[in-house]
Amino acid sequence: MSATYNFCAGPAMLPPAVMQKAKAELLDWNDQGVSVMELSHRSKEFIALADQSEADLRELMSIPDDYHVLFMHGGGRGQFAAVVNNFLGENGRALYLVDGSWSSSAVDEAIKLAGEDKVDTLNIVDKSNEISKVSIPNLHEVKQDYRYLHYCPNETVDGIEIFDEIDSPWPIIADMSSNIMSREIDVSRYGLIYAGAQKNIGPSGLSIVIVKDELLKLPQLPQASIMDYRLAVKHDSMFNTPPTFAWYLAAEVFKWLKDNGGIAAMAKTNTQKAELLYSFIDSGDFYENRVAVENRSQMNVTFYLKDESLNEAFLAESKAAGLVALKGHRSVGGMRASIYNAMSLEGVAALVEFMKKFADKHQS
Ligand SMILES: Cc1ncc(COP(=O)(O)O)c(C=O)c1O
């Protein structure tokens, strides 16, 4: 079988080397005679894995000592709720920046849990001429006190990314589900970073939370114990049974990242991959991207065929060529190529090659 390149937005492809290793040790992990998924999370072997994974993540992202690293259940949406319940308390208010579909869903959840009067929103995307462009006002001029500012630096559905660090008077909570570890960031600028694992970290079912100790002093609302950050800290992310197999794969992805030059090396390749694809899309008039150049996501490249009647043919022919999961999100249509850390430059080059041939064949 020839190579299949998987452009799924999530659950996304994992590094092939990690998958091969997981396959080889699936039935007998670490000389235990059993699979890692059949082992107690409280065994000394699993605890060693957990400790190592945290140490590796701390090293990869240069996480300061006054931050906790948590491995939790519930994906990205679980964290939409957790941040509200952990930080808003009875009298808190929060500001949510909206730059696309996921930040908007985070607002819905916050309103559901805390009430409309506790949640302010600021739309930061201008869509004039059908081109999405982010512009963030000076937040220091906002005359209101907030417990936190929530935003999503990479909107997976819309293909919009915010590259500049935000200057905020309030602690920043960032949903980095789809761009965590894709480029270097300064963790100390954030109050909390969270990410569902299923894009750049591992399989779904796990979410990573990086939280500054100081934030854990904020008053909280009653909530399910398994989503309580303080309990997660107290129990080293093992208040209840964690998603152990997902955690093991995340640990392997962290090792793979370290063996392959860390986040700086990923960032370099991610830029090359995105440039290759966007410059091809811009080079003719068969395809188009609808995001301002400075906000084009390096992880989720959205594009449209100018003649949308060719969409079905594009998807069928790309699939036959081994390029799968290119359909855009149902809410926005078009196409989307998700090119997370695990996607090679060769994979993106194969996609560009296919897109060229498809355009040549169907150009009228
Ligand atoms: C940026 C972002 N936030 C949140 C979510 C929701 O994640 P989950 O499905 O794990 O709840 C997603 C899912 O794709 C996402 O891309």
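In which loop is Asn129 found? Asn129 is located in the loop between β5 (125-126) and β6 (133-134), where helices and strands are DSSP runs numbered from the N terminus (helices H or I, at least four residues; strands E, at least two). The structure is a predicted model, in which local features need pLDDT of at least 70 and side-chain atom pairs count only at pLDDT 80 or more, while totals for chains, interfaces and linings use all residues. Residues are numbered from 1 along each chain as its sequence is written, and side-chain values use heavy atoms, with hydrogens and water left out.

Most residues other than glycine have a negative phi, and most peptide bonds are trans. Asn129 has a positive phi, near 55 degrees. Glu130, found in the loop between β5 and β6, also has a positive phi, near 65 degrees. Asn129 counts as exposed because its relative accessibility is 74%, and Glu130 counts as exposed at 56%; buried means under 20% relative accessible area, exposed over 50%, and partly exposed in between (1.4 Å probe, protein chains only). Another backbone feature is the cis peptide bond from Gly10 to Pro11, with omega near -5 degrees. Pro11 belongs to the loop between β1 (5-6) and α1 (16-24).

The helices may be considered next. Helix α3 (residues 75-87) and helix α4 (residues 101-114) have axes that come within 9 Å and cross at roughly 45 degrees. Axes are lines fitted to C-alpha atoms, for helices over the stretch in contact, and angles run from 0 to 180 degrees between N-to-C directions.

Ala17, Val18, Lys21 and Ala22 in α1 meet residues in α6 including Tyr248, Leu249 and Trp256. This contact of α1 with α6 has seven nonpolar, no polar and three charged residues.

A nonpolar core is a set of buried Ala, Val, Leu, Ile, Met, Phe, Trp, Tyr and Cys residues joined through side-chain atoms within 4.5 Å. The largest such core has 57 residues, of which Met61, Met181, Ile201 and Phe254 touch the most other members. Helix α6 (residues 244-259) supplies the largest share of this core, ten residues. Apart from residues up to four places away in sequence, Met181 touches residues including Leu57, Met61, Ile201 and Phe254. A second, separate core of 29 residues includes Tyr278, Met343, Leu351 and Phe354.

Tyr278 is also one of the residues in contact with Arg296, as are Glu161 and Asp282, when neighbours of Arg296 within four places in sequence are left aside. Arg296 lies in the loop between β13 (287-288) and β14 (300-305) and is buried because its relative accessible area is 10%.

How values were computed: Contact means heavy atoms within 4.5 Å. Ala, Val, Leu, Ile, Met, Phe, Trp, Tyr, Cys and Pro count as nonpolar, Asp, Glu, Lys and Arg as charged, and the others, Gly among them, as polar.
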